[in-house]
Amino acid sequence: MRGSLRSTAFKLFDKIILGALILLTVFYVAFAILRKPHSVVDPAHVRSLIGKIEQTQAKSRHTQFKLDKDYLSSTVGGFRPDIAGFEPRPYIMGGGKAEVHVAQGQPVKLLTPLEGRHPKAVRRKAPRHLHGAEIRIRDPRVVKVEWSDQELGTLVFTPLKKSGHTTVEVIQAKKTRWHVSVTVRVQSERKPRIGAPPRVDVAAGQGQVELSWARSPATNATLNEYRVYKGEKEEELKLYLRVPVPDELPARSVLPSRRPDGEPGPDVVFGGAFFRLQDRRVAGGVPYWYSVEAAGKTNKQQLLVSDRTEPVRTQVEEAFKIKFYTYSPDAVGKMVVSVFHQPEVGHGRWLDHSFVTIKRGQEVGWVVHELRLPDENLLLKNVDFSTGYQVFDILNDQRRINKDKEKPIRNSEGEVIGVRQHEETRQKVLLVSRRGRIKVLWPAIRGQK
């Protein structure tokens, strides 16, 4: 039994030793395969590289300057007698760099002249103490720069035929530098153009309209005329005035205008920035629209016309007021006309006059030969109460809603939510002007229904 156990243990130990030997063999083979081989240096290759380096060095030459001066003594103060013949370098003695003053001027922009024209020079101020100093131009094909003979410290820049960019430096004693950038571009011929007036204003006065407009811009063209358009509707404007513009136009100039039929129109006053005219061919209560355009010629005498300005609107108030009172179905019993009367001497005032029993077709108001003012014990002669209207029709039993604004309707919180109103039937009068305009009048006060 013991012999059997020993035999089994020996066999097991023998197998373990055999496995270990096999593993060591495999590890050694793998290590030999994967290990990086030693690099082998070829001595012949090394000798060839050394030979090339020696050949390169043999071809190189270094120029040696002969030291015929004692530079060390001349800069640090040696004991040689010729030391005064050398200019010492202060930055070596001072232990720092040489002090250089650098300043920059405003950039200069130039235009190459058009064909057949002389170049336009530009003057630019430089520090006065640099006048006459050296001028360096990085690209002399772009610009010509020189000191002015009339103005101290002024540089004159003249563009050349080449466009581009360069830098100009002014150097004095290698210490002070003043530089400026210069740009030259080719000038192109701009398209001739006349612009519309940039601003048009209109204001209504007593029996007249004042129209004003700003001066029109012009490029490569000459402005010769303004054209004023007028109409009672925005889409139906017609040529109203032509205003010739002379070549010389000082401030406070008075320009005569012409109507399309050749008749003289109102004068136009030029104040330096705006043109102004007073149009008295207007009727009260009528809306008017105005527009302005400019016209001129190019340098080659070709006609140019600007766009029209946007129409502007105004309305002149009537120079009179009309009130009436009804008494019969076929006639206006009483009508009161108020006009603003301006005597030859003294201040103007509003005057009232009553005209009675005016029937259909009759005029409303006329010239009153004598008008007495009892309060002032004054007698006025030939006061014009003409309105230009006549009675066109008298309409009876016209429905009307009256609103009493003095009696507002309020809610529980005191807020106004409406006004009291009532319906009534009244007489209505239609007036017609010479231009065919209809004016509607209701009774001024309550009269007979």
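I took buried to mean under 20% relative accessible area, with exposed over 50% and partly exposed in between (1.4 Å probe, protein chains only). By that cut-off, 31% of the 449 residues in the chain are buried.

A note on the source: this is a predicted model, where local features need pLDDT of at least 70, side-chain atom pairs count only at pLDDT 80 or more, and totals for chains, interfaces and linings use all residues. Residues are numbered from 1 along each chain as its sequence is written, and side-chain values use heavy atoms, with hydrogens and water left out.

Next I looked up the secondary structure and found 4 helices and 28 strands in the chain. These are DSSP runs numbered from the N terminus, helices being H or I of at least four residues and strands E of at least two.

Trp-213 has Phe-275 in E17 as its bridge partner.

Last, I checked contacts, meaning heavy atoms within 4.5 Å. Of those in the chain with a separation of 6 or more, 52% come from residues 24 or more positions apart.

Technical notes
Two strands pair if DSSP finds at least two bridges between them.
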